[in-house]
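Student: Hi! Could you walk me through this one, a bit at a time?

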Amino acid sequence: MPGSPRNSDPGADVGPTLRTERLILRPWREADLEPFAALNADPRVAASLGGPEDRDFSDALAERIMAGFAKRGFDRWAIEVPGVAPFVGFVGLSAPSFEAHFTPCIEIGWRLAFDHWRKGYVTEGARAALDYGFNEAGLEEIVSFTAESNTRSRAVMERLGMHRDHKDDFGHERLGSQHPLYRHVLYRLRRAEWRNR
């Protein structure tokens, strides 16, 4: 990360580690930055995010994630798949920095390297993140949003038990009204719904 020694792990002691059947959701390490940059530069991954980004953008995003852990005690965990890959992407909870009718809020989001799609890692990791958010962090509601056309992520949201109200749909002003990804859908999940699922 900018300003940090290249041989250090600036996230090693920040935030909890979560374990699922196949995954370790852990704080970030310096070694994650290179594969994270490759993920963010991949047009297949970035197609629903507004397009590929460069290394500076990727490192700055990782730094913001680490700042989120330091501030709230949680954010977007690095995903490790033991025996498969030390870093395949992220999943976790963050506070959107833009204003909309549903903010302030906590959002669950994810980003996965293309080679690890279609293996159920996102759903598995997201369930652990939701469980942490509701049962450890004490959140009352968690939302998720994506471009209307991003059917893959919307399917994950629905598998998690999240629900959409068309009245919540919005235009993402940071993209601009002429951008093909401008129209976004919002999904919600409340703690009581999670516990009663």
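Tutor: Helices (H or I, at least four residues) and strands (E, at least two) are DSSP runs, numbered from the N terminus. The model is predicted: local features need pLDDT of at least 70, side-chain atom pairs count only at pLDDT 80 or more, and totals for chains, interfaces and linings use all residues. Residues are numbered from 1 along each chain as its sequence is written, and side-chain values use heavy atoms, leaving out hydrogens and water.

Student: Which residues in H1 meet H3?

Tutor: Leu33, Glu34, Phe36, Ala37 and Asn40 do, and on the H3 side they meet Arg55, Ser58, Asp59, Leu61 and Ala62. Contact means heavy atoms within 4.5 Å.

Student: Nice. Switching to strands: is E5 buried or exposed, and why?

Tutor: Six of the six residues of E5 (residues 107-112) are buried, so the strand is largely enclosed by the rest of the structure. Buried means under 20% relative accessible area, exposed over 50%, and partly exposed in between (1.4 Å probe, protein chains only).

Student: Which way do the E5 residues point?

Tutor: Glu107, Gly109 and Arg111 point one way, while Ile108, Trp110 and Leu112 point the other way. Both sets are buried.

Student: What pairs with E5 in the antiparallel sense?

Tutor: That is E4 (residues 85-94), over six bridges. Two strands pair if DSSP finds at least two bridges between them. Leu93 has Ile108 as its bridge partner, and Gly92 has Gly109.

Student: What about E4 itself, how many residues are buried?

Tutor: Nine of its ten are, so E4 too is largely enclosed by the rest of the structure. E4 also pairs with E3, in the antiparallel sense, over five bridges. In that pairing Val81 has Ala85 as its bridge partner, and Ala78 stands opposite Phe90. The hairpin of E3 and E4 has three residues between the strands, and Gly83 there has a positive phi near 80°.

Student: Which strand pairs with E3 over three bridges?

Tutor: E2 (residues 24-26), again in the antiparallel sense. Leu25 and Ile79 are bridge partners there. E3 is mostly covered, as six of its six residues are buried.

Student: Which residues touch the most other members of the largest nonpolar core?

Tutor: Trp28, Ile108 and Trp110, out of 47 residues in that core. A nonpolar core is a set of buried Ala, Val, Leu, Ile, Met, Phe, Trp, Tyr and Cys residues joined through side-chain atoms within 4.5 Å. The elements that each supply at least two residues include H1 (33-41), H3 (55-72), H4 (121-135) and H5 (151-159). H4 gives the most, with eight residues. Apart from this core lies another, of seven residues, among them Cys105, Val143, Phe170 and Leu186.

Student: Where does Val156 lie, by the way?

Tutor: In helix H5. Val156 is buried at 6% relative accessible area. Not counting residues up to four places away in sequence, Val156 touches Trp110, Val122 and Thr123. Thr123 is in H4, and Thr123 is buried too, with a relative accessible area of 8%.

Student: Last one: which peptide bond is cis?

Tutor: The one from Thr103 to Pro104, with omega near 0°. Pro104 is in the loop between E4 and E5. Another residue to look at is Arg118, in the loop between E5 and H4. Arg118 has a positive phi of about 65° although it is not a glycine, and Arg118 is exposed, with a relative accessible area of 63%.
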